[in-house]
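Biologist: Hi! Could you walk me through this structure, one topic at a time?
Modeller: Happy to. Let me put it on the screen.

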Amino acid sequence: MRIYLSGFMASGKSTVGPLLARRRDMAFVDLDDAIEAEADRGIPDIFAVEGELGFRQRETRAIWDTADREDLVVALGGGALVSPENREWAKEHGLVVTLQVDADTILDRVAGEADHRPLLQDENGRPLERTAMRRRIERMLSERRAAYEQAHAVVKADRDPEEVATIIDEIATVWSHRGDLV
């Protein structure tokens with residue numbers, strides 16, 4: 001079984017993922033970490049050198065590489081399943097769960113980290129000011145909403161991460177008993 005955690009940046013994928021993996025006795029992979037390891041540089045550097053398109057190509061390869069492993073929880077990047085090809089691939093190869101949080105929660109979680117988040121920076125690589133950052137978050141959430149809602153399940157993630165992991169564990173148990181998972 002593979003469980004893919006989707007959702008906007010700072011929705012809790014990298015926090016909930018290890019909790020869920022431990023609960024289900026599965027391995028955990030943070031796709032951003034895997035991309036950085038393969039590229040031998042950080043995501044901000046990948047964006048700077050290769051642009052968003054180059055990063056998205058690396059992301060697609062990293063997602064598809066997860067098919068070689070069983071019993072895996074994968075925290076996807078916030079835009080990983082915006083691509084219909086990636087989204088359909090993930091849905092065919094595992095359970096896709098979107099962690100849903102609102103713009104204010106996201107802003108509270110990322111405001112101090114924008115220097116490490118290229119999508120929250122201006123064209124010169126400087127973090128946006130808070131109001132502009134909130135507008136960008138709202139715009140991106142709106143653009144991605146339809147893709148996020150196409151997951152097998154959507155879980156509100158503005159609560160304790162252990163509780164979110166418990167809910168996803170229960171969803172995965174039901175799905176595995178139905179035989180719908182690869």
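Biologist: At what angle do helix α3 and helix α4 pack, and how far apart are their axes?
Modeller: Helix α3 (residues 43-65) packs against helix α4 (residues 84-93) at about 10°, and the axes lie 10 Å apart. Axes here are lines fitted to C-alpha atoms, for helices over the stretch in contact, with angles running from 0 to 180 degrees between N-to-C directions. Helices (H or I, at least four residues) and strands (E, at least two) are DSSP runs, numbered from the N terminus.

Biologist: What kind of model is this, and which pLDDT limits apply?
Modeller: This is a predicted model: local features need pLDDT of at least 70, side-chain atom pairs count only at pLDDT 80 or more, and totals for chains, interfaces and linings use all residues. Residues are numbered from 1 along each chain as its sequence is written, and side-chain values use heavy atoms, with hydrogens and water left out.

Biologist: Back to the helices, then. Are α3 and α4 roughly parallel or antiparallel to each other?
Modeller: α3 and α4 are therefore roughly parallel. Angles under 35 degrees count as roughly parallel, over 145 as roughly antiparallel, 65 to 115 as roughly perpendicular and the rest as oblique.

Biologist: Which residues meet there?
Modeller: From α3 there are Thr60, Ile63 and Trp64, and they meet Glu85, Asn86 and Trp89 of α4. Contact means heavy atoms within 4.5 Å. The residues of this α3 and α4 contact divide into three nonpolar, two polar and one charged. Ala, Val, Leu, Ile, Met, Phe, Trp, Tyr, Cys and Pro count as nonpolar, Asp, Glu, Lys and Arg as charged, and the others, Gly among them, as polar.

Biologist: Now the aromatics. How many aromatic pairs does the structure hold?
Modeller: There are three aromatic pairs. Rings of Phe, Tyr and Trp (its six-membered ring) pair if their centres lie within 6.5 Å; planes under 30 degrees apart count as stacked, over 60 as edge-to-face and the rest as tilted. One of the pairs is tyrosine 4 with tryptophan 89, edge-to-face, with 6.3 Å centre to centre and 70° between the planes.

Biologist: Which parts does that pair tie together?
Modeller: Tyrosine 4 lies in strand β1 (residues 2-6) and tryptophan 89 in helix α4, so the pair ties together parts that are 85 residues apart in sequence. Tyrosine 4 and tryptophan 89 are both buried. Buried means under 20% relative accessible area, exposed over 50%, and partly exposed in between (1.4 Å probe, protein chains only).

Biologist: And why is the pair of tryptophan 64 and tryptophan 89 called stacked?
Modeller: Their ring centres are 6.1 Å apart and their planes are at 20°, so the pair is stacked. Tryptophan 64 is in helix α3 and tryptophan 89 in helix α4, 25 residues apart, and the pair links distant parts of the chain. Tryptophan 64 counts as partly exposed at 35% relative accessibility, whereas tryptophan 89, at 14%, counts as buried. Tyr4, Trp64 and Trp89 form one aromatic cluster.

Biologist: Nice. In what order do the strands of the sheet run?
Modeller: The five strands form an open sheet in the order β2-β3-β1-β4-β5, with parallel pairing. β2 (27-30) and β5 (153-156) are at the edges with a single partner strand each, so one side of each is left without a neighbour in the sheet. From one strand to the next, the twist averages 20°.

Biologist: Which strands does β1 pair with?
Modeller: β1 pairs in the parallel sense with strand β3 (residues 72-75) over four bridges, and with β4, also parallel, over four bridges. Two strands pair if DSSP finds at least two bridges between them. Arginine 2 stands opposite leucine 72 in β3, and leucine 5 opposite valine 97 in β4.

Biologist: How many residues of β1 are buried?
Modeller: Five of the five, so β1 is largely enclosed by the rest of the structure. Arg2, Tyr4 and Ser6 cover one side, Ile3 and Leu5 the other, and all are buried.
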